[in-house]
Amino acid sequence: MEKTFVMVKPDGVQRNLVGDIVSRFESKGFKLAGAKLMQISQELAEEHYGEHKDKPFFGELTDFITSGPVFAMVWEGENVIATARKMMGATNPAESDIGTIRGDYGLTVGKNVIHGSDSPESAEREIGLFFNEGDLISYNKDQDQWIY
Ligand code: RTP
Ligand code: MG
């Protein structure tokens with residue numbers, strides 16, 4: 001089953017949005033395969049955002065992403081990579097639709113609450129950067145067993 005990497009950025013953790021964001025992915029029907037609160041090192045930040053290393057905002061971006069804890073997650077399900085991006089909304093919250101995570105909670109492009117992998121290749125790469133294989137759990141979610 002398809003997996004993607006999603007991360008609540010430091011602003012989202014500071015603003016107590018972790019629970020709401022996890023809830024949106026759960027309610028949509030996706031399955032959590034792994035999650036951790038962590039502090040990103042400068043090295044990991046530069047590797048994760050390597051595609052932007054020549055952009056003028058690179059320093060600002062790596063400073064921000066290392067400025068406080070992030071909540072890193074792996075979500076699993078059909079079309080989860082593209083659907084997670086839709087749920088996040090456009091990169092610049094000024095342009096994100098209301099109803100999306102950035103559209104509902106973000107104001108500026110530099111502090112836009114959430115990251116999500118943008119392709120199958122990035123998803124595989126980013127999951128590998130943030131999680132060891134043993135960190136991810138494969139399990140059945142047979143909800144009937146808890147309903148009497
Ligand atoms: P992300 O990688 O964080 O999920 O965001 P994204 O795919 O929607 O956007 P991307 O183009 O990959 O940009 C990565 C992050 O860089 C910051 N950014 N700042 N100042 C600027 O013009 C600018 N452009 C991008 C944003 O925080 C964006 O999420
Ligand atoms: Mg990106």
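1. Leaving aside residues up to four places away in sequence, M7 is in contact with V70, F71, A72, M73, I114 and H115, where contact means that the two C-beta atoms, placed from the backbone, lie within 7 Å. The model is a predicted one, in which local features need pLDDT of at least 70 and side-chain atom pairs count only at pLDDT 80 or more, while totals for chains, interfaces and linings use all residues. Residues are numbered from 1 along each chain as its sequence is written, and chains are lettered from A and ligands numbered from 1 in the order in which they are written.

2. M7 belongs with V8, M73, W75 and I114 to the residues that have the most contacts inside the largest nonpolar core, a set of 30 residues. Such a core is a set of buried Ala, Val, Leu, Ile, Met, Phe, Trp, Tyr and Cys residues joined through C-beta atoms within 7 Å; a residue is buried if 20 or more other C-beta atoms lie within 10 Å of its own, exposed if 12 or fewer, and partly exposed in between, with C-beta atoms placed from the backbone. At least two residues of this core come from each of β1, α2, β2 (31-38), β3, α5, α6 and α7, and β3 gives the most, with six residues. Helices (H or I, at least four residues) and strands (E, at least two) are DSSP runs, numbered from the N terminus. In soluble globular proteins, nonpolar side chains tend to be buried together.

3. Helix α5 (residues 80-88) has V80, I81, A84, M87 and M88 as its buried residues. These residues lie on the same side of α5, because they cover an arc of only 125° around the axis, the arc being that of the directions from the helix axis to the C-beta atoms. An α-helix has 3.6 residues a turn, so residues three or four places apart point the same way. The partners against which the buried residues of α5 pack are β1 (3-8), α2 (18-28), β3 (70-76), α6 (101-105), β4 (114-116) and α7 (120-130). After α5 comes G89, with a positive phi near 90°.

4. T100, in the loop between α5 and α6, touches M87, M88 and G89 when residues up to four places away in sequence are not counted. T100 counts as partly exposed because it has 19 C-beta neighbours inside 10 Å. The C-alpha atoms of T100 and F71 are separated by 18 Å, the two residues being 29 residues apart along the chain.

5. The residues surrounding ligand 1 are H52, F57, L61, T91, V109, G110, N112, H115, G116 and D118, each with its C-beta atom, placed from the backbone, within 6 Å of the ligand. This shell divides into three nonpolar, six polar and one charged residue; Ala, Val, Leu, Ile, Met, Phe, Trp, Tyr, Cys and Pro count as nonpolar, Asp, Glu, Lys and Arg as charged, and the others, Gly among them, as polar.

6. Under "binding site", an unreviewed UniProt entry lists K9, F57, R85, T91, R102 and N112; UniProt positions are given in the numbering used here, feature names are shortened, and annotations may be inferred rather than shown by experiment. K9 sits in the loop between β1 and α1 (10-14) and counts as buried because it has 23 C-beta neighbours inside 10 Å. Not counting residues up to four places away in sequence, K9 touches I65, V70, V113, I114 and H115.

7. N112, which lies in the loop between α6 and β4, counts as buried because it has 24 C-beta neighbours inside 10 Å. With neighbours within four places in sequence left aside, N112 is in contact with T91, P93, R102 and G106.

8. Most residues other than glycine have a negative phi, and most peptide bonds are trans. N16 lies in the loop between α1 and α2 and counts as exposed because it has 8 C-beta neighbours inside 10 Å. N79 is placed in the loop between β3 and α5 and counts as exposed because it has 11 C-beta neighbours inside 10 Å.

9. For "domain: Nucleoside diphosphate kinase-like", the unreviewed UniProt entry lists residues 1-138, a span that is 41% helix and 17% strand and whose end C-alpha atoms lie 10 Å apart. Y139 is in the segment after α7 and counts as exposed because it has 8 C-beta neighbours inside 10 Å.
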